[in-house]
Amino acid sequence: MKGERTMRILISGATGGLGRALARALKGHQLLLSGRRMGELQALAEEVAGKALPANLTDELEAKALCEEAGELDLLFHAVGSAARAPVREVEREAVERLLGDHFLSALFLLKHARFRPGARAVFFGAYPRYVQVSGFAAYAAAKGALEWYLEAARKEFRKEGVHLVLVRLPAVATGLWAPLGGPPRGALPPEEAVRLVLEGVLGERPPEILEVQP
Ligand SMILES: NC(=O)c1ccc[n+]([C@@H]2O[C@H](COP(=O)([O-])OP(=O)(O)OC[C@H]3O[C@@H](n4cnc5c(N)ncnc54)[C@H](OP(=O)(O)O)[C@@H]3O)[C@@H](O)[C@H]2O)c1
């Protein structure tokens, strides 16, 4: 898959830190870029000669319309998510629903409606359990756990279509995801470096089911 031909690639979460770095690294391919902030999305689309397709992916109709516009894909990068600290004794339903929606339902709707070419790869961003199964992050960990287990079952269905699902486990990456938590931790990877390691793992001849990115 590496480097030979122009691929049709959908990047959801393209307005985020990882999504934007992915778009820049994949410039030259047919890029379909999705996010919610239209101004940011449009600017990125102009920069990388991609197409801006705004969508709120917790809304199934918007996810479906995005997939219809995107057409048949060689690659999907689902770089969507949000973060919030929510101690178990204080957690509010709204925060849990937002985390589950942004991490899990968004992926579920894309997998339901996306169309893939044979040999395509769909890439999702999970987390190392030891980094997220910690105090204050039970709801975030649950959202990532739901995503990971869903993908484990879904990959068996997609294998029949010749589509590979890849779950990437990332260490901390310095993006806007950390803004509500007071900023990224010391030693967080620059998004460009994280993306270099992700692409190296995902675009190889035999993509892994789980790609563990180590700095
Ligand atoms: N950064 C890290 O340390 C780290 C570590 C492990 C895993 N990850 C995972 O990597 C993925 C990307 O994270 P990031 O660090 O790039 O985060 P980010 O900079 O905060 O970007 C998040 C992206 O998700 C989009 N988004 C959120 N909710 C959405 C929704 N309902 N519908 C459509 N788009 C939505 C945002 O769009 P708008 O801004 O346009 O609303 C934005 O483009 C996430 O799944 C995250 O959990 C990140």
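**Reading a predicted model: bend, core, sheet and ligand shell**

Helix H4, residues 93–113, bends by about 45 degrees at Gly101. The model is predicted.

Q: What makes Gly101 the site of a bend in H4?
A: The bend is the angle between axes fitted to the seven residues ending at a residue and the seven starting there. At Gly101 in H4 that angle is about 45 degrees.

Q: Which residues of H4 are called buried, and what covers them?
A: A residue is buried if 20 or more other C-beta atoms lie within 10 Å of its own. In H4 this holds for Leu99, Asp102, His103, Phe104, Leu105, Ser106, Ala107, Leu108, Phe109, Leu110 and Leu111. Their cover includes strand S1 (8–12), helix H3 (60–70) and strand S4 (72–78). Strand S5 (115–127) and helix H6 (138–159) are also part of that cover.

Q: Why is S4 called largely enclosed by the rest of the structure?
A: Five of its seven residues are buried, so S4 is largely enclosed.

Q: What makes up the largest nonpolar core?
A: A nonpolar core takes buried residues of nonpolar kinds, joined through C-beta atoms within 7 Å. The largest such set has 64 residues. Ile11, Leu33 and Val168 have the most contacts inside it. H4 gives the most to this core, with eight residues. In soluble globular proteins, nonpolar side chains tend to be buried together.

Q: Which residues is Val168 in contact with, leaving aside neighbours within four places in sequence?
A: Contact requires C-beta atoms within 7 Å. Val123, Phe124, Phe125, Gly126, Val198, Leu211 and Val213 are in contact with Val168. Leu211 is also the bridge partner of Val168 in S7.

Q: How do you know that S4 pairs with S1 and with S5?
A: Two strands pair if there are at least two bridges between them. Four bridges join S1 to S4, and six join S4 to S5. Both pairs therefore qualify. Ile11 has Phe77 as its bridge partner in S4. Leu76 stands opposite Ala122 in S5.

Q: Why are S3 and S7 called edge strands?
A: The seven strands form an open sheet in the order S3-S2-S1-S4-S5-S6-S7, with parallel pairing. S3 (51–52) and S7 (210–212) each pair on one side only. For S7, three bridges join it to S6 (residues 164–170).

Q: What surrounds the ligand?
A: The shell has 27 residues, and the closest are Gly16, Gly35, Gly81, Phe125 and Thr175. Helix H1 (17–25), H4 and S5 each give two or more residues to it. The shell divides into 10 nonpolar, 14 polar and three charged residues.

Definitions and conventions
Residues numbered from 1 in each chain as written. Predicted model: local features only at pLDDT ≥ 70, side-chain atom pairs only at ≥ 80, totals over all residues. Buried ≥ 20, exposed ≤ 12 C-beta atoms within 10 Å, placed from the backbone. Contact = placed C-beta atoms within 7 Å. Near = placed C-beta within 6 Å. Nonpolar A, V, L, I, M, F, W, Y, C, P; charged D, E, K, R; others polar.
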